[in-house]
Amino acid sequence: MTDPAPALAAPDRKHTVEIQRRSFIVGAGGAAATGLLASCASNATEPPAAKLASDAAVPFRGANQAGIYRPAPQQQAACFAAFKVLCSDAADLKSLLQRLTVKASLLGGGHKASDALPAVELSGVTGAPPVNSGVMGEDVPAAGFTMTLGLAGSLFDNPAYGLAAKKPRGLTDMKVFPNDQIDEAWIGGDLILQLCADSSDMVHYALRDIMKATRGQLQLQWKINGFHNAPRPEGAPRNLFGYKDGVVNPDEAEQLVWIGKESSQPAWTEGGTFMVVRIIRMLVEFWDRVGLGEQDNMIGRHRASGAPLGMAKETDTPDYSSDPEGTTIPLDAHIRLANPRTKETAGSRMLRRGYNYELGVDLNGNLQAGLIFTSFQQSIQDQFEATQTRLANEPMVDYIQPFGGGYFFVPPGVRDANGYLGEGLFA
Amino acid sequence: MLITAAPPATMDDAVSAYHVYVTARLGELRQHALTLKAAVGNADVASARQAWLAAQQCWQRVGAAYGSFGDLGDAIAPGSRGLQAGSADPEFSGLRRIEYGLWHGQGPGELVPVVEKLLADLDALDAKLPELAVDPADMPLRLHEILEDAQRDHLSGVGDQGSGMALALTRADVEATQEVLAMLAGLLESLKAGYPAALDAQLSQLAAAIDATKTTEGWVAYPEVPLAQRQRVNAAIGRALESLALAPALFSTDD
Ligand code: HEM
């Protein structure tokens with residue numbers, strides 16, 4: 001007779017602790033890391049999968065910023081925080097960007113209470129309030145943390161910083177589309193931080209830590225937390241309409257996201273990208289009162305499997321050319337308008353990396369919940385706006401209300417120890 | 001001979017300087033309370049509101065953060081927190097109770113007794129003041145807690161009883177902090193060179209950010225101040241608070 005509950009056997013304490021302390025690299029080397037996790041887990045009596053994941057470190061340095069294509073699987077928790085920048089001049093702005101860089105790399109690496117901190121982190125006063133809020137305990141795990149920094153057009157327009165010549169082309173204010181219900185409280189800001197981690201306490205810890213370090217230079221203007229669901233039961237996780245979301249996304253090799261050498265953008269932007277954030281309320285009560293057939297037709301996919309209508313698997317590719325009348329997938333279905341899969345529209349695809357949100361109760365007693373739509377692309381106009389324009393009057397508009405967000409430019413990544421985010425602005 | 005311009009060189013000197021300072025402010029507060037009593041008695045709401053503001057600002061300048069004068073101090077301007085019926089609770093008294101009445105259509109019948117009680121409480125505080133020892137350890141706490149209170153009670157809107165005078169009161173709190181800083185500057189400088197000068201600059205920035213919100217009509221209720229100006233005030237007080245938070249540790253002897 002076999003042991004009925006091997007998983008409940010007391011874990012080998014020492015071994016577990018050792019594994020938890022180790023940092024794992026995910027993202028670029030995601031597959032390798034997974035293999036490593038699996039092999040460690042098989043040695044342990046109890047596979048502490050969740051705990052292991054929260055020790056994962058995503059490399060901060062690279063040609064591009066993290067939180068876009070790395071780590072490949074989106075983290076579970078996110079915060080989108082837009083700030084007003086109150087730096088006095090370009091030198092002060094530079095010091096802010098350097099400070100944010102130190103924070104991003106420290107938080108992303110995880111650090112133990114016994115690790116030395118850079119001087120800029122220390123007050124130099126014995127007995128001063130702790131530098132660390134303690135929310136993550138004294139040893140702060142990496143928790144898959146990434147900070148992605150974006151700059152709004154208003155920062156380049158501010159004469160105090162003299163950055164007009166560096167402004168990326170197409171970095172306008174967020175356009176108001178036909179069905180938008182913009183709320184002033186949810187737009188604006190000169191700088192955005194997208195903070196992502198494997199847990200919501202890490203996201204909170206990071207935001208608080210960053211704000212404490214930049215008090216006086218940054219003022220939080222709006223912020224929204226998001227969550228990413230586990231796959232139900234597998235494949236892409238579901239959004240709050242119950243549909244698998246994030247099924248189709250262009251691969252990094254397709255080169256639709258990073259600004260390349262040949263672009264018409266200012267040289268410093270190479271390796272950067274444009275970020276669009278749209279906070280979209282989803283009228284979930286209304287949606288739940290719609291028949292499944294109509295829901296499927298609005299999206300263009302089967303709810304249960306996530307497969308395109310008429311197909312079996314979520315990974316199946318819809319074939320619009322053999323369905324010109326839209327008898328299988330309606331011509332105005334969300335996925336068909338968003339990506340008609342023609343030669344002409346291939347360039348308007350983008351990387352979507354959104355999060356679900358919940359924000360309490362609306363005046364009418366309904367849940368205030370929806371999607372923090374986030375996309376990354378080489379051109380806001382040619383990709384996001386072109387897509388959004390095609391979607392303008394899709395049947396789903398009755399069930400969604402975009403009310404906030406913004407357009408941002410995400411500077412290239414930091415390549416070496418002396419570099420900092422946005423250093424090209426001052427070159 | 002005492003040279004008043006020189007900053008106190010020991011904590012005991014700083015405490016005595018603070019005592020002298022508080023006594024003077026309490027004298028002024030008494031004058032404002034008398035003016036207030038006359039205006040309330042005449043049902044002259046405009047003058048009464050003015051006198052209330054002068055009195056409340058004067059109390060802020062005392063810098064009585066975190067109940068530093070015990071029950072006697074607490075009686076002058078308690079908030080309505082924790083009262084069953086909130087601001088309408090019969091237990092609610094003091095300066096903020098008068099504010100509530102003046103901005104909620106109350107007349108002499110309701111308010112004269114409250115002002116009289118305030119005067120009696122002021123007399124009691126004044127009489128006890130010589131014996132009320134200020135703990136030297138309180139001074140550095142006061143240095144940062146006056147503005148912590150301003151952010152917690154005024155700029156948050158939580159303490160407002162209808163006047164919308166958060167900025168006027170915060171401005172008075174900045175002055176109180178500047179006064180306490182002046183009393184501790186010499187000591188602070190010897191503990192951490194350049195620290196008092198940095199604080200001074202940050203407090204001036206905060207004062208300027210607050211002053212910039214004032215219009216020709218006077219002070220504006222904080223929620224009505226344009227976002228860009230509010231962000232400057234919030235940023236300036238935030239920065240000052242982070243710096244001020246180091247003060248108590250500098251004086252701490254347990255290391
Ligand atoms: C609350 C609003 C939205 C909901 C509920 C929603 C939902 C979905 C769903 C369920 C899919 C199918 C699964 C997938 O391929 O990921 C999808 C695909 C897609 N959506 Fe959305 N979406 C929303 C807003 C937007 C917006 C604002 C855009 C861009 C302007 C957009 C662009 C796309 C694109 C490009 C695809 C992939 C289509 C394909 O390549 O087949 N969506 N969306």
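Student: By class, how many nonpolar, polar and charged residues does the lining of the largest cavity have?
Tutor: Good place to start! This is a predicted model, where local features need pLDDT of at least 70, side-chain atom pairs count only at pLDDT 80 or more, and totals for chains, interfaces and linings use all residues, while side-chain values use heavy atoms, without hydrogens or water. Residues are numbered from 1 along each chain as its sequence is written, with chains lettered from A and ligands numbered from 1 in the order in which they are written. Counting Ala, Val, Leu, Ile, Met, Phe, Trp, Tyr, Cys and Pro as nonpolar, Asp, Glu, Lys and Arg as charged, and the others, Gly among them, as polar, the lining has two nonpolar, one polar and three charged residues.

Student: Which elements each supply at least two residues of that lining?
Tutor: A cavity is a set of points on a 1 Å grid over the protein atoms alone where a 1.4 Å probe fits but cannot get out, and lining residues have an atom within 4 Å of a point. Here they are B:L26, B:G27, B:R30, B:L122, B:D123 and B:D126. Helices are DSSP runs of H or I with at least four residues, strands are runs of E with at least two, and both are numbered from the N terminus. The elements that each supply at least two are α1 and α5 of chain B.

Student: How many residues of helix α4 of chain B are buried?
Tutor: Buried means under 20% relative accessible area, exposed over 50%, and partly exposed in between, with a 1.4 Å probe and protein chains only. The buried residues of α4(B) pack against helices including α1 and α7 of chain B, by contact (heavy atoms within 4.5 Å). Helix α4(B) is largely enclosed by the rest of the structure because its buried residues number eight of eight.

Student: In β5(A), which residue is the bridge partner of A:T148?
Tutor: A:T148 belongs to a group that points one way from β4(A), with A:T146 and A:G150. Strands β4(A) and β5(A) pair in the antiparallel sense over six bridges, where pairing takes at least two bridges found by DSSP. The partner of A:T148 is A:Q194.

Student: Which protein residue is the single donor to the iron atom of the ligand?
Tutor: Donors are N, O and S atoms within 2.8 Å of the metal (3.2 Å for Na, K and Ca), and water is not among the atoms, so sites may look incomplete. The donor's NE2 atom is 2.0 Å from the iron, and the residue is found in helix α9 of chain A. The donor is A:H334.

Methods
1 Å grid on protein atoms, 1.4 Å probe; cavity = no way out; pocket = protein on both sides within 12 Å on 5 of 7 lines; lining within 4 Å.
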